[in-house]
Amino acid sequence: MIDPEALKLIASYPGPLDELVEGVIRGLESSTLVVGTQEIERCPCWSERACGDGRSSHQRSARLEPVSLDQRSSSTFVGAQKPPSPPEPSSLLGSISPDRAGSIGPVASPSYSHSDSFSSPVSRGSQASVQLAGPELEGQTLPPWLEEAESRGPNLSAVVRSPLPSDHASAALAVPAHLEGLCDITGRSTCVGEYQDFVRYFRDRYSRIREMLSGRLNARPIESLKKDLAGREISIIGMVMDVRTSAKGNKVVELEDPTGMVTVIFTKGDLASEEITNLVLDEVVGVTGTTDGKGRFFGKTLLRPDLQARSSIATGEGGALLLSDVHVGSTYFMEDAWERFIEWISGEMDDPLEIASKVKYAVIAGDLVDGIGIYPGQEADLAIMDIWEQYERAAELINEIPDRIQIVLSPGNHDVVRQAEPQPALPDSLQGLFKKNVVFVGNPATFRLGGVEWLVYHGRSIDDLVLKIPGLSYGEPEKAMVEMLKRRHLSPIYGNRVSIAPEEEDLLVIRRPPAVLHCGHVHTIGMTRYKGVTVINSGTWQGQTDFQKKMNIQPTPAIVSYLDLSTMRARKLIFA
Ligand code: D5M
Ligand code: FE
Ligand code: ZN
């Protein structure tokens, strides 16, 4: 017998029903008479699919409802440590039920699940002398893209050298002369986390990415898929509300645009296409296919707002160091290696390739300090227990970098600014600890430095992407970063690990292809080039933590990426 509540749960299951029913039956004890909600919720596939994102498929809808822009609120929540709590739904067109509104809530606070048992710290990096590794790491041969980049030589692309469009130049910050066109959230946050903010946020995300797609696709509004179009080939552009595999093995995708929703079916035969198997929630895609005029759409091809292929790469001048995840204050921070780095950059160490003297810039992509209360039991991992003292020490270490180097500092999830992305720059009170050559930007931030355009993002979404896209791993973070570029979004999946504040503009949309995409967060170094963009994840200065050891996460600490902006050749400099 099945309890009616349990039946309701089964009916709302976003995956194939057979999978759930089989799973539930397998989990039953022989004495069970009535299958209740507990039996459903205990099933591993239920927790995976229906609870994994904290929302079921029918909860995920109606985020692109029309909203009038004069309903905007002008108050801010800059500096708040937490995103606002989910709003009560207003009855936009009477179509939103409370459980739907829950799905657009901002987001879980950081979902660390550390076990509390941190015992002995793992050993730090070896004491070997500095290796100024060539473009290769640990004896690997030169990746072909590095060669390719060099042989092309400096090729100043007019597109990348042109001034930024006005929306990029609109930051409220007074931008220092050496950092042009800065765009980030600092001083510009307007959202309070009300229902309308979320609708507006998703509409902004949708319309920006739609614009990128619409040049390549002649798309119709979803509401226009009426009977008279049945059988004709048409295109639509929508945000992915749900993806599931049907009992027959077809891919069933719910797509929404501001005019309506449609169920798109990709038949089994099409699933060889990586684009379709890699679909993630909340990305915006174009689909071409045919409609049956009754709300179903048979997809043939899928188009992402991917970058256009480029025949040249943008180049600038000077050398840049890319760093992230210094984690000052952690017992695992590799201070000895940092001191070797400082000796090298200060010219006090043998430098056969004479790189140190060419360095003009250093960009740090978040997690400067380990922070306080970031995950349960963190105290056991802290050498410095006070957040202010952590920044004082961090400033001392950063201030050891010679003054001639322009430093750009962006925050991460361990820093003291609000957790919700986009994050503003570190507060003035902390900025005062650093020397004048440090510029503070938000996360993410776009700016021009050394004559090329940079996009710096801490990289929290890599945790989500690695989980959801087959073939991605922590060992190759650059591949996850390429997936961001293909989707033109730094954090395409909404509401998992990444808290996103529903700002007026979606600053996580990758509006223009940068010359450099720089992330960190996952503590592994990775480099690639994708359609003219130099993609670098800059690793960490934190040794393997006890937690990472248990999880078999292998960080690559104390390696600095050096990027010669005049050739766009990158090297890994090993200080461990
Ligand atoms: O994140 C460093 C990396 O380690 C990032 O990929 C997340 C992962 N990490 C660290 N701690 C946890 C816990 N507790 N659960 C899951 N994943 C974790 P960082 O931002 O430096 O902490
Ligand atoms: Fe980190
Ligand atoms: Zn991080």
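## Two metals side by side

The iron ion (ligand 2) and the zinc ion (ligand 3) sit 3.2 Å apart in this predicted model, with Asp367 coordinating both. Local features here need pLDDT of at least 70, side-chain atom pairs count only at pLDDT 80 or more, and totals for chains, interfaces and linings use all residues. Residues are numbered from 1 along each chain as its sequence is written, chains are lettered from A and ligands numbered from 1 in the order in which they are written, and side-chain values use heavy atoms, leaving out hydrogens and water.

## The iron site

Which residues hold the iron ion (ligand 2)? Its protein donors (N, O and S atoms within 2.8 Å of the metal, or 3.2 Å for Na, K and Ca) are Asp325 (OD), His327 (NE2), Asp367 (OD) and His523 (NE2), at 1.9 to 2.3 Å. Asp325 belongs to the loop between S8 and H10, and Asp367 to the loop between strand S9 (359–365) and helix H11 (387–399), so the pair ties together parts 42 residues apart in sequence. Helices (H or I, at least four residues) and strands (E, at least two) are DSSP runs, numbered from the N terminus.

Asp325 and Asp367 are both buried, meaning under 20% relative accessible area (1.4 Å probe, protein chains only).

## The zinc site

For the zinc ion (ligand 3), the coordinating residues are Asp367 (OD), Asn413 (OD1), His458 (NE2) and His521 (ND1), at 2.2 Å. Along the chain these donors follow the spacing D-x45-N-x44-H-x62-H. Asn413 lies in the loop between strand S10 (406–410) and helix H12 (428–431), while His521 lies in the loop between strand S14 (516–519) and strand S15 (525–530), 108 residues apart. Both Asn413 and His521 are buried.

## Around ligand 1

Oxygen atoms of ligand 1 lie 2.9 Å from an N or O atom in the side chain of Asp463, 3.0 Å from a polar side-chain atom of His521 and 3.1 Å from one of His327. The protein covers 94% of the 460 Å² of accessible area (Shrake-Rupley method, 1.4 Å probe) that ligand 1 has on its own.

Notes. Buried < 20%, exposed > 50% of the residue type's maximum accessible area, 1.4 Å probe, protein only. Polar contact = N/O pair within 3.5 Å; in protein donor to acceptor, adjacent residues only side chain to side chain.
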